[in-house]
Amino acid sequence: MVSTTSTSAPSVDATARARDLLGVSRLTNAALTSWLHGLPGVDQVGCEGRAAALGTRSIKTTSKAWAIDTAISMIDLTTLEGADTPGKVRGLAAKALHPDPTDPSTPSPAAVCVYGDMVATAREALGQAPVNVAAVATAFPSGRASMPVKLADTRDAIEAGADEIDMVIDRGAFLSGNYLGVFQEIAQVAEACTRADGTRARLKVIMETGELVTYDNVRRASWLSMLAGGDFIKTSTGKVSPAATLPVTLIMLEAVRDWRDLTGEMVGVKPAGGIRTSKDAIKFLVTVSEVAGDDWLDPFWFRFGASSLLNDLLLQRQRMRIGAYSGADYVTDDSPSLY
Amino acid sequence: MAKFEYAPAPESRAVVDLAPSYGLFINGEFTESQGGSAFKTVNPATEEVLSEVTDASAADVDRAVAAARRAYNGAWGRMSGADRGKYLFRIARILQERAREFAVLETLDNGKPIKESRDVDVPLAAAHFFYHAGWADKLEYAGLGTNPRAHGVVGQVIPWNFPLLMLAWKIAPALATGNTVVLKPAETTPLTALLFADVVQQADLPPGVVNIVTGAGATGQAIVDHPDIDKLAFTGSTGVGKMIARSIAGTRKKATLELGGKAANIIFEDAAIDQAVEGIVNGIFFNQGHVCCAGSRLLVQENIAADVERRLKRRLETLRVGDPLDKNTDVGAINSKAQLSRITELTDAGEAEGAERWDNGCELPAKGFWFRPTVFTGVSQTHRIAQEEIFGPVLSVLTFRTPQEAVAKANNTPYGLSAGVWTEKGSRILWMADQLRAGVVWANTFNKFDPTSPFGGYKESGYGREGGRHGLSAYVTTESNG
């Protein structure tokens, strides 16, 4: 069921498309502001109520088995620590290639996600296997650097062989109302994702929803990221709490659904950080299915940014296979945290 | 075929222990009828016969009222409020302990989805007992008037849409204020009331404080007409409510009537559209639309009507209709064949009058009583489906241009039970709430209930309130109001 994960994304002239969608001859901050502020508001109580209701779906037997394998195949297996070493990254890559050595039918995660300086190590360890290398870039996680540094950070990861780039937006610019600044930042990074051969790495735009705080902001940031040419919208860096909540992901799924209605194009969604159990992952898949639709139930269009989630999914998978819980010692752990 | 098929996830019915037949709960014990007959109660999702219950005679009602009078003149009438409160707390706790049993039985007898009986009906029923338990020893301070006293024996007749919850709405305030009760559940949904009789025994309530007599219209009439009833509380159709009002005219009997509705759910152009769509769905498809305060008329501002309709229909295609015991079912069975015919008749009329009919096309089970979630667009105020209560999963969509027009259309109905307003503008919410002639106005939500909040109607939706301090006042007399 794992679809081929193409490593090239179409290039768009985001500014021309934005002018067309907004119906303006020049893309200004005022035009972007009136467009984003014209989006329907989000009622917090209603949104959280809907997410809670979706969380009560009871997923059993065959549907649970399907959901577990699907969730595994959607993981961006992640290590983003100052203490990362080549050895740890190689261990993570080995885990991605053989998630469960006792059961070769276990699907592989979609990608391994590392800092830019670890891309070459990850690339080499993964070889030709259909597991992508994703790199965080643009002065992750804070994004507090000048534009030339962010672009250099991105190009460096691309040259080292990254298939996907996970960028952060300048939340300060967004919160101060400088939407055009955020737009240009995303559009320029999207351009920097172009490789020497003309293909382009897919770009995930991290909005750091925990710093945007309101659902209205999440909705506006989602639309701004899509408009500027992001191939994925992503909740969080994992360094800020709260990270990926179900209501925030629900808002983003509504955004990609409505964006397709408007443009005919699909954009991916990646909740990242804080999703640790199979039960939680299944709630997200239910929400994908019932809000955006089954077209998004594919590793090409939906990802989980996670590390410990994989082992919980593997435990559940083993339980469904052998009918009993094994335990943490029966799943391999190649990247235990140092703290 | 969908990628993500949910496997069946049925709640086990093993927790429910059904007797082949039930008598009447009078004076603290189950007794045989005197001169009554019996009728069957079925599971509307399968047409399976669940049990046989008694169709109580006038003589049975007389025995029940006599038992209630003895209890009122005896231990219960003399009991302190604090002690009554203990019994109510005990009932509330037992309801929580036996929640799953009640939820499964409610779903079997009524046809509503288990997720609703589990997450709404039963927890709210327990909450009503908890809330009123707290009032039992504080009535002097509830602002009801000087020296609030019980009426005496209360006759209560409840509907089939929320059988246990309506029982709780009726019995909890009656007992908190020191009255005794003769209650008749609806003929299609008597089983949770009979299980509640078991709770009454478990809680050691003195005999006769709560009496439960099953039966149809004639049994209800016998309660209404009984000379030793001091107060009546009825929830049900406006037609029956009017009959009750006529029956008791000129007598000393007090009454509260909670009747039908044709609520407007009003969506303004600046509403949070995705949440408004959820509110529309919850407003009319909650409990198959068998809700007196259902948002059965959608009033949507004309400039966003096409977008809202498109989003609503897309959402309705994800509604899961089927086995009410399945934990993933959103919409269950229609409660009875008679109700299904009523819904069919009115929807046929809607089509004949020129409204455009749409349903979500879902597959329906072969047996049982079922109706697809249905939306009528292009509806006018003059259409029957905009005026008459359908009491089913059928939404009529009308449009408006200005807030004044929305108010005029919303109020242009003989009913006035509830309304919903969806806008991000707080001042408009307040203005609308002031203009709408409805007992409950929900802002940016719908079908939310709480024991602290009074519920009741304007106009032909009835009189009196249930819940909150207003609800208590219906169960007492004071020196100021006699």
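Helices here are DSSP runs of H or I with at least four residues, numbered from the N terminus.

Housekeeping: this is a predicted model, where local features need pLDDT of at least 70 and side-chain atom pairs count only at pLDDT 80 or more, while totals for chains, interfaces and linings use all residues. Residues are numbered from 1 along each chain as its sequence is written, and chains are lettered from A and ligands numbered from 1 in the order written.

Next I looked up who touches whom (contact: C-beta atoms, placed from the backbone, within 7 Å). H4(B) brings Ala99(B), Phe102(B), Ala103(B), Val104(B), Glu106(B) and Thr107(B), and H5(B) answers with Ile114(B), Ser117(B), Arg118(B), Asp121(B) and Val122(B). I get six nonpolar, two polar and three charged residues for that contact (nonpolar is Ala, Val, Leu, Ile, Met, Phe, Trp, Tyr, Cys and Pro; charged is Asp, Glu, Lys and Arg; the others, Gly among them, are polar).

Then I zoomed out to the domains, whose bounds come from an automatic or database assignment. Chain B splits into domain 1 (24-259 + 460-477) and domain 2 (264-451). Their centres, over C-alpha atoms, are 29 Å apart. Domain 1 of chain B puts 23 residues into the contact and domain 2 of chain B 27. On the domain 1 side, helix H4 (99-110) and helix H5 (114-135) of chain B are the elements giving two or more residues. H5(B) gives the most there, seven residues.

Notes
Two residues are in contact if their C-beta atoms, placed from the backbone, lie within 7 Å.
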